[in-house]
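Here is a short briefing to read beside the model.

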Amino acid sequence: MSDPYGQSARFYNPVIEPWFRSVKKKIVEECLRLNIFRVLDVGCGTGTLAGMLRKEGIQTVGLDSSPGMLRVSSGIPRESFALVRGRGEGLPFPSGSFQGVIFSMVFHENPISRRKEMLDEALRVLAPRGTLFILDYHKPSTVFGRAAGILEYLVERVVGGDHFRNYRRFMEKGALGDLLRHLPPERLRWEPVFHGSMALVRIRKDQS
């Protein structure tokens, strides 16, 4: 299977990572606040978030389908930080394995057929009262948000290929709002990112 991120993986940290550093720091802080100490980072990319979690003593598993991304991740010093190659729609872990599951900029790059499977799998491997964190594109409602959305569109257009096509369908369908509309709203906590062009959503699993 070809790796669409094989060539771009080495450029991710210097070019893209700085934009998301503050949001990833917020996720780490939330994990500490909620006493979450076993986490699965789905689509871990170059492993920066997994590394940040590890530094705070949070036992972390990073999962990604890209060998290129995992090669970059493997350069991060690890303690309680494991790397696994796999896909979000077929997580190779028993049910209830993790207190927290994270999807950071993953759903928009996947086809519609996989998105619900990925969400279902995340909830499956979450322990009762566990927390799912999702950072991804949202429909902006402000002028600044729409301006940020234009810039994000241009970045996605440069990436091109299936990634861009999946991103366009994701936005046309309603982005995160459509993906999560079937979940009880009282279980969701929304936080706007980049003037509302993205959102960080925290979803609490019930006790059953």
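Are tyrosine 137 and tyrosine 167 buried or exposed? Both of them are buried, where buried means under 20% relative accessible area, exposed over 50%, and partly exposed in between (1.4 Å probe, protein chains only). This is a predicted model, in which local features need pLDDT of at least 70 and side-chain atom pairs count only at pLDDT 80 or more, while totals for chains, interfaces and linings use all residues. Residues are numbered from 1 along each chain as its sequence is written, and side-chain values use heavy atoms, with hydrogens and water left out.

**The chain as a whole**

- The protein chain contains eight helices and seven strands; helices (H or I, at least four residues) and strands (E, at least two) are DSSP runs, numbered from the N terminus.
- Buried residues make up 49% of the 208 in the protein chain.
- The accessible surface of the protein chain is about 10,400 Å², and 55% of that belongs to carbon and sulfur atoms. Accessible areas come from the Shrake-Rupley method with a 1.4 Å probe, and for residues only the protein chains shown count as cover.
- Contact means heavy atoms within 4.5 Å. Among contacts in the protein chain between residues at least 6 apart in sequence, 68% join residues at least 24 apart.

**Aromatic pairs**

- A pair of aromatic rings is described by the distance of the centres and the angle of the planes.
- Rings of Phe, Tyr and Trp (its six-membered ring) pair if their centres lie within 6.5 Å; planes under 30 degrees apart count as stacked, over 60 as edge-to-face and the rest as tilted.
- By this rule there are seven aromatic pairs. One of them, tyrosine 137 with tyrosine 167, is edge-to-face, at 5.2 Å centre to centre and 70° between the planes.
- Tyrosine 137 belongs to strand E5 and tyrosine 167 to helix H7, so this pair ties together parts that are 30 residues apart in sequence.
- The pair of tyrosine 153 and tyrosine 167 is tilted, because the ring centres are 6.3 Å apart and the planes lie at 55°. Here helix H6 supplies tyrosine 153 and helix H7 supplies tyrosine 167, linking distant parts of the chain, 14 residues apart.
- Tyrosine 153 is partly exposed at 34% relative accessibility, whereas tyrosine 167 is buried with a relative accessible area of 5%.
- Tyr137, Tyr153, Phe164 and Tyr167 are linked into a cluster by ring pairs.

**Helix H7 and what follows**

- How far apart are the end C-alpha atoms of helix H7? They are 19 Å apart, which agrees with the 18 Å that its 13 residues (161-173) should span at 1.5 Å a residue; the expected span is 1.5 Å times one less than the number of residues.
- The buried residues of H7 include His163, Phe164, Asn166, Tyr167, Phe170 and Met171. They cover an arc of only 165° around the axis, which puts them on the same side of H7; the arc is that of the directions from the helix axis to the C-beta atoms.
- Asp162 and Glu172, on the other side of H7, are exposed.
- Cover for the buried residues of H7 includes helix H5 (112-125), strand E5 (126-137), helix H6 (143-159) and helix H8 (175-179).
- Glycine 174 follows H7, with a positive phi near 115°.
- Alanine 175, found in helix H8, also has a positive phi, near 55°, and counts as buried at 2% relative accessibility.

- A nonpolar core is a set of buried Ala, Val, Leu, Ile, Met, Phe, Trp, Tyr and Cys residues joined through side-chain atoms within 4.5 Å.
- In the largest nonpolar core, with 52 residues, Leu40, Val101, Phe103, Leu132, Ile134 and Leu180 touch the most other members. E5 gives the largest share of this core, six residues.
- Leaving aside neighbours within four places in sequence, the contacts of leucine 40 include Val61, Leu63, Leu91, Phe93 and Val125.
- Glycine 130 is in strand E5 and is buried, with a relative accessible area of 4%.
- Not counting residues up to four places away in sequence, glycine 130 touches Gln99, Ile203, Arg204 and Lys205.
- Arginine 129, also in strand E5, has a positive phi near 70°.
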